[in-house]
Amino acid sequence: MITRKKIIYAILILSPLVCIFFSLFIGRFPLSVPLVVKILWSKLAMSASSLPDKYNTVIWEIRMPRAILGALVGGSLAISGAAFQGLFRNPLVSSGILGVSSGAGFGAALAILIFNSTSYTYIFAFCFGGLAVLLSYLIGRVYNTTPAIMLVLGGVIVSSVFSALISFAKYVADPYNQLPTIVFWLMGSLASARYHDFIIGGIPMTIGIIGLIAIRWRINVLSMGDKEARSLGIDTALNKGIVIICATLATAGAVCVSGIIGWVGLVMPHIGRMLVGNDNKLLIPASLSLGACFLILVDNLGRVITGSEIPLGILTALVGGPFFVYLLKKTKGGGW
Amino acid sequence: MAVKKIYFKLFLTFAVFLLAGLLFAGCSGYKEAATGISEKNPDKSNTITVRDYFGREVEVPARAKRLACLYAFAGHVVAMLGKGENIVAVVEGLKRDILMTEMLTNIKDASVPAMGGGAVNLEELIRVSPDVIFIKGDTGKNEGEIEKLEKSKIPYLVVDCKNIKEQQYIIEMIGQVVGCRDKAKRYNQFYRQCIDRVQKKVSGIPLKDRIRVYHSVNEATRTDPKDSLPADWLQVAGAVDVSVDKDLKLIEEKYFASLEQILVWDPDVIIVNESGVADYIMKNKQWSSLSAVKNHKVYQMPNGMSRWGHPGSLETPMAILWTAKTLYPELFSDLDMVKETKNFYKEFYNFDLSDETALKILSGEGMRLSKGEENKK
């Protein structure tokens with residue numbers, strides 16, 4: 001049994017790395033497979049590279065940060081989705097559905113609007129992301145008979161209000177300086193990913209991810225219900241708070257880096273559940289790994305299908321939309 | 001009791017709507033006094049027919065006196081033709097061109113019917129009641145906007161261009177509309193002289209020896225598609241525009257190249273038309289392996305009335321001169337850009353530039369106000 005677990009963990013850690021590795025071979029700049037290997041090797045061996053600078057730039061400055069950032073974003077969205085699903089005992093929610101993404105997006109737009117620079121976007125994105133969860137949760141509690149659907153409805157309301165606010169922010173923004181920045185932020189593209197983004201976007205995502213992994217067993221307890229959790233000696237309010245903060249941090253970081261990318265957070269945890277089962281101890285890392293792989297794959301697909309790039313959101317929605325319908329049918333709108 | 005409650009609720013709803021309505025009315029009311037309906041409307045029977053960018057035959061009042069310039073380019077042309085004081089409605093961008101507002105004080109008070117670059121507010125447009133409206137090609141392709149303009153019964157002209165020839169045609173057409181054909185012709189003559197002057201020297205350069213240029217438009221990765229004014233004038237200036245005829249990403253009528261694609265092109269020279277972008281390109285590691293960056297051949301283009309050479313810039317002839325000199329300095333050693341710049345604005349805008357301002361224009365810095373400042377003066 002222990003060996004099986006070890007194998008699973010090994011697969012979970014390795015598969016995103018494999019995806020990152022393969023995405024180094026895909027792109028517009030013509031580089032043959034042996035050449036890419038050579039470029040990688042020359043860097044790893046620390047030998048003075050005799051290869052043209054451009055090759056190094058393509059691999060190390062363009063494809064590598066993009067792949068790593070893609071992995072982080074996908075992982076963050078999926079892991080926070082899994083956490084929300086466990087926390088609310090509701091298979092139909094994710095950070096997108098609960099309005100966290102739109103809230104964070106609006107926060108980012110508002111920060112650009114007020115301060116005319118992108119320095120406060122993270123704080124604002126986080127605060128409004130958190131506000132969105134809270135609102136969705138409160139709306140969801142208005143009518144208690146079908147809590148699963150009510151929470152989804154609450155999220156729908158909250159996220160559409162925040163989407164409207166985003167449009168409004170775009171409308172009042174200065175079309176020459178602020179609007180391009182806002183549009184660029186919300187577009188959902190990893191195309192211009194730089195190492196610089198790791199420093200500012202990577203930190204909240206990493207903190208969120210580590211936090212969720214660290215308390216993943218408590219999500220198991222919380223998902224049994226408040227009474228049961230309390231009887232096991234768990235401070236439910238505190239733990240719920242920590243889970244929400246971590247999941248919101250991860251989502252806000254992802255939104256700040258790559259804009260609103262829907263559906264990853266909803267679909268990936270379910271695929272994880274099909275693979276490793278319902279135990280959050282395993283499900284949380286599995287979602288992380290799956291989300292990371294999925295987003296790298298989708299990003300590569302978007303790069304390859306046409307000469308010009310297809311935005312990520314389009315492809316994830318095409319996969320995620322039908323899947324949501326399937327889930328609705330399977331769960332019949334109730335809980336597990 | 002219950003009935004009372006319903007009445008109360010109805011009353012409350014009504015009150016909220018009323019309040020909201022008042023609020024909006026209050027917001028829009030301050031402009032009321034700015035312009036009344038003009039009594040100087042030209043005689044409607046006295047009209048001329050012109051053909052616009054889409055080839056529409058449009059009947060407009062001869063010597064139109066109230067002009068709505070919903071495309072900055074049209075505003076620049078009208079100002080050049082000496083009819084700037086007839087502009088009654090503009091796009092926000094025009095209010096931030098320092099030269100423009102310095103020359104024409106009425107621009108600052110002109111109405112902005114399409115706030116935030118968005119849809120036209122029809123009532124605002126009708127209130128201002130221009131004789132003719134100049135719109136951009138994009139707006140002309142937007143069915144919703146066209147329907148609104150049709151409703152206003154005010155004739156609109158699409159002014160846009162895909163190349164130098166079309167731009168010259170449009171300049172003459174606007175000249176015809178505002179009753180200044182001669183000046184428009186004079187401008188086009190100067191335009192042709194600039195082209196001839198440059199072509200005489202660069203046309204001898206074989207294609208393989210021409211300098212390959214990447215032209216960044218506002219954002220670093222935004223560039224020129226084929227069949228665009230910049231693509232045309234860059235070719236006239238003796239450059240090979242690397243992005244023409246290539247797969248570009250189209251986002252909201254703008255064309256973008258991917259970073260890897262730019263690395264594939266590896267241009268000899270990069271010219272950028274927005275201040276700050278040259279710095280961004282020089283300092284960004286992702287661009288660092290380009291030969292243009294390594295050889296320090298990233299240049300900021302001048303910015304006068306408009307960004308020189310921008311799609312739809314009226315200063316395109318000047319952009320041609322500047323680019324030719326920048327690319328082939330040894331061929332154009334006799335070309336003094338400061339002198340040319342001063343002559344240009346004197347001749348066509350009757351604007352005396354100090355050497356200092358001319359240099360400022362050529363450096364491309366500080367000729368546009370940032371957001372909010374347009375209302376301060």
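This is a predicted model: local features need pLDDT of at least 70, side-chain atom pairs count only at pLDDT 80 or more; totals for chains, interfaces and linings use all residues.
I count two strands as paired if DSSP finds at least two bridges between them.

**Sheet in chain B**

I looked up the strand order first. Chain B has an open sheet of 4 strands, ordered 8-7-11-12, with parallel pairing. Strand 8 (239–241) and strand 12 (298–300) of chain B stand at the edges with a single partner strand each, so one side of each has no neighbour in the sheet.

Then I checked one pairing. Strand 11 (residues 269–272) of chain B runs parallel to strand 12 of chain B over 3 bridges. Ile270(B) has Val298(B), in strand 12 of chain B, as its bridge partner.

**Salt bridges**

I find 18 salt bridges over all chains, and I went through a few.

In chain A, Arg230(A) and Asp226(A) meet at 4.0 Å, N to O. Both lie in helix 10 (residues 226–231) of chain A, 4 residues apart, about one turn of the helix. Arg230(A) is partly exposed at 49% relative accessibility, and Asp226(A) is partly exposed at 28%. I also see Lys240(A) linked with Asp226(A) and Arg230(A) in a salt-bridge network.

In helix 13 (residues 277–283) of chain B, Asp279(B) and Lys283(B) are likewise 4 residues apart; their salt bridge is 3.2 Å, N to O. Lys283(B) counts as exposed at 64%, because the cut-off for exposed is over 50%. Asp279(B), at 43%, is partly exposed.

Last one: Asp355(B) and Lys342(B) form a salt bridge at 2.3 Å, N to O. This pair links helix 17 (residues 355–363) and helix 16 (residues 337–349) of chain B, with the two residues 13 apart.

How values were computed. Residues are numbered from 1 along each chain as its sequence is written. Chains are lettered from A and ligands numbered from 1 in the order in which they are written. Side-chain values use heavy atoms; hydrogens and water are left out. A salt bridge is a side-chain nitrogen of Lys or Arg within 4 Å of a carboxyl oxygen of Asp or Glu. Buried means under 20% relative accessible area, exposed over 50%, partly exposed in between (1.4 Å probe, protein chains only).
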